[in-house]
Amino acid sequence: NLEFRQLMRWREALLNPACTFEDLLRISAESPAMIIYLDTVNSKGNGHNIPNENYARELMELFTMGVDNGYDQNDVTVMSRVWSGWSLDLVDPTNELNPFATRTLQPRPGVTNSFGPTSNLVGVWASHFKAATHDPNPKPLWPGKPVPARFGPPWAGRPYELDLPYRSGTNGIQDGYYVTAALANLPFTEEFISVKLCRVFVHDDFDIGYDFTDPNLSPEGRLVHQCMLAWETSRPKGQIRAVL
């Protein structure tokens, strides 16, 4: 059910001609299925707790930038603190998309035995931000890193450091949204996702790591570059339809 709800949100988003990759990435980050699957559900960054790194690592390696492509282990460690406090709770269906909603109080008719805090309640499991377990401290991501020269214009040499400030209380959830917004339009992400799409719609032999400044760039490299330029120049940036 959780995966089905995520897929339906993606489907609804893609019916909009202006749907962007950031829209899809944000839906994925908010998905209860993803929060469970990659272990942010119990991740805590408060006090002496060490946040779980699984989602931070896979977010960069599998969903956006690609393996060993513009980030390092320090970025994984810092980003894990971004997702601390992203958890779940059982809420009324009308509050499914409200990450600050309180737990439902609707009892299950005829159920009097309780085997846990939610077992006799009626509701839906939804994304819930626990401000008390979020790490509010500043988080410097990709510090001092410029885009490599192989990307050429308009990307080469751009610094892409993201400095997240101290955010306490419910404001802490904004760390995650700043990260998805930044990741969605990095040239590494544009390349990685464009290559995936080319493999689906053209053939399997597309690679990560083209030198887009090479005058003898292969037809595959040129097509990936064209996809990236469509991504970069669409407004809003990263429109899926333009890239396709």
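Colleague: What separates Glu 30 and Arg 26 in helix H2?

Modeller: About one helical turn, because the two residues are four places apart in that helix. Helices here are DSSP runs of H or I with at least four residues, strands are runs of E with at least two, and both are numbered from the N terminus.

Colleague: And what sort of model is this?

Modeller: A predicted model, in which local features need pLDDT of at least 70 and side-chain atom pairs count only at pLDDT 80 or more, while totals for chains, interfaces and linings use all residues. Residues are numbered from 1 along each chain as its sequence is written, and side-chain values use heavy atoms, with hydrogens and water left out.

Colleague: Back to Glu 30. What do the side chains of Glu 30 and Arg 26 form?

Modeller: A salt bridge, at 3.4 Å from N to O. The term means a side-chain nitrogen of Lys or Arg within 4 Å of a carboxyl oxygen of Asp or Glu. Glu 30 also forms a salt bridge with Arg 9, where the closest N and O atoms are 3.0 Å apart. That pair links distant parts of the chain, with Glu 30 in helix H2 (residues 21-30) and Arg 9 in helix H1 (residues 2-14), 21 residues apart.

Colleague: Is Glu 30 buried or exposed?

Modeller: Buried, with a relative accessible area of 15%. The cut-offs are under 20% for buried, over 50% for exposed and partly exposed in between, using a 1.4 Å probe and protein chains only. Arg 9 is partly exposed at 27%, and Arg 26 is partly exposed at 36%.

Colleague: How many salt bridges are there by this rule?

Modeller: The count comes to 13. One of them joins Glu 232 and Lys 237, at 3.2 Å from N to O. Glu 232 is buried at 7%, whereas Lys 237 is partly exposed at 29%.

Colleague: Changing topic, how many aromatic pairs does the whole structure hold?

Modeller: A search finds 10. Rings of Phe, Tyr and Trp (its six-membered ring) pair if their centres lie within 6.5 Å; planes under 30 degrees apart count as stacked, over 60 as edge-to-face and the rest as tilted. Trp 86 and Tyr 177 form an edge-to-face pair, 5.5 Å centre to centre with 70° between the planes. Trp 86 is in strand S1 (residues 86-91) and Tyr 177 in helix H6 (residues 174-184), so the pair ties together parts that are 91 residues apart in sequence. Trp 86 is buried at 2% relative accessibility, and Tyr 177 is buried at 12%.

Colleague: What lies over the face of Tyr 177?

Modeller: Arg 26, at 3.7 Å from the ring centre. A charge sits over a ring if NZ of Lys or CZ of Arg is within 6 Å of the ring centre and within 35 degrees of the ring normal. Arg 167 lies over the face of Tyr 178 in this way, at 4.4 Å from the ring centre.

Colleague: Which residues form the aromatic cluster?

Modeller: Trp 142, Phe 151, Tyr 160, Phe 188, Tyr 210 and Phe 212. Tyr 210 and Phe 212 are both buried.

Colleague: What is His 225 in contact with, neighbours within four places in sequence aside?

Modeller: Pro 153, Trp 155 and Phe 212; contact means heavy atoms within 4.5 Å. His 225 lies in helix H8 (residues 219-233) and is buried, with a relative accessible area of 19%.
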